[in-house]
Amino acid sequence: MTQIYFPNSFPFIVTETDTTQEKHGIIRRIGRFADQPNLIQIVTINTPEGPRHFPKSPTFFPLAIDTVQGITQKVAKELNLKIEHQNTDGINYWATLLSPEIKGEVEGDLVAFGIRVTFSVLGNFKTSHYFLRLACLNGWKKPVDTKIAIIPKSYDVDAMTEAFLNNARFLEERFNKELERLKQYGRYQMTQELAELLAQNFPQPIINDFITKRKDEQNKIVIEYKPVTLKKALEAMTYQTSHRNLSDITKDQWDTKMIRIFDKFIEEQEVQTA
């Protein structure tokens, strides 16, 4: 056993050292501090500012950023995707992969398929898909559930690459289904009944672009709406949820609720016209 002295801490008694990724600037040490009985892991990462040390659980597995970059490049080449953007701060890595092919058109908007990669040496390796509206650089994006999109980390690069490819194929399938949903949303318009339902279920700032409330002469609340398509309404609402200081859980709950309400509305409309 050896002892290491980290800044501002008791001596760290090392029981196991993993230098497999030392050439990538990562060293794992498992042990315990002299004043603590439990084992922990100290992950040391070489950054431009010098070595930084992070306590993690003994089972946590850090992965080097350049390994993830290499996997991302392999997947992009395999699926004929272009790496539009990528950036790193030495600990986190972000990348955006975009299909060069137009996947469809919804109400005049050309839509392409993209994958967003989010990775942290100290966290997870995640992928999610998004819609890129080529008429709007902000795009409308709807991430897939992160449990589906997490890539298991290991020293087996081939296994991680295959997991990424499988996720990417699933994401594209999910994208195609959501593209069909958007096309369907583009065929239906807001109604008084739907506007009142949305006003009951969402705060006014979320629906403010196409639904307003006012009081009439009898002091009763009157719901007024713009006859936009459900697609335009969904875009307006998801824009509001994504640009407000909301928790991820709240955003996901509201996105799920609005889609559920719209889907039920369309189902009822189709029954009536059948």
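Here are a few numbered notes on this structure, which is a predicted model.

1. The largest nonpolar core holds 34 residues, and Ile115, Val117, Phe119, Phe125 and Phe164 have the most contacts inside it. At least two residues each come from strand S4 (40-47), helix H1 (65-78), strand S7 (92-106), strand S8 (109-120) and H3. The top contributor is H3, with 7 residues. As background, nonpolar side chains tend to be buried together in soluble globular proteins.

2. There's another core to look for. This second one is separate, has 26 residues, and includes Tyr188, Ala199, Leu230 and Phe265.

3. Now zoom in on phenylalanine 119. Setting aside residues up to four places away in sequence, phenylalanine 119 touches Leu63, Ala64, Ile65, Val68, Ile91, Asn92, Tyr93, Asn124, Phe125 and Lys153.

4. Is isoleucine 151 buried or exposed? Its relative accessibility is 1%, and buried means under 20%, so isoleucine 151 counts as buried. You'll find isoleucine 151 in the loop between helix H2 (146-149) and helix H3 (157-185). Beyond its neighbours within four places in sequence, isoleucine 151 contacts Phe125, Thr127, Met160, Ala163, Phe164 and Asn167. As for glutamate 162, it sits 11 residues from isoleucine 151 in sequence, with a C-alpha to C-alpha distance of 9.6 Å.

5. Last, have a look at a hairpin. Strands S10 (residues 211-215) and S11 (residues 221-225) pair in the antiparallel sense, over 5 bridges. Isoleucine 211 is opposite tyrosine 225 of S11. Between S10 and S11 lie 5 residues, and in that turn asparagine 219 has a positive phi of about 65 degrees.

Note on methods: Residues numbered from 1 in each chain as written. Predicted model: local features only at pLDDT ≥ 70, side-chain atom pairs only at ≥ 80, totals over all residues. Heavy atoms only, no water. Pairing = 2+ DSSP bridges. Helix = DSSP H or I, 4+ residues; strand = E, 2+ residues; numbered from the N terminus. Buried < 20%, exposed > 50% of the residue type's maximum accessible area, 1.4 Å probe, protein only. Contact = heavy atoms within 4.5 Å. Core = buried A, V, L, I, M, F, W, Y, C linked by side-chain atoms within 4.5 Å.
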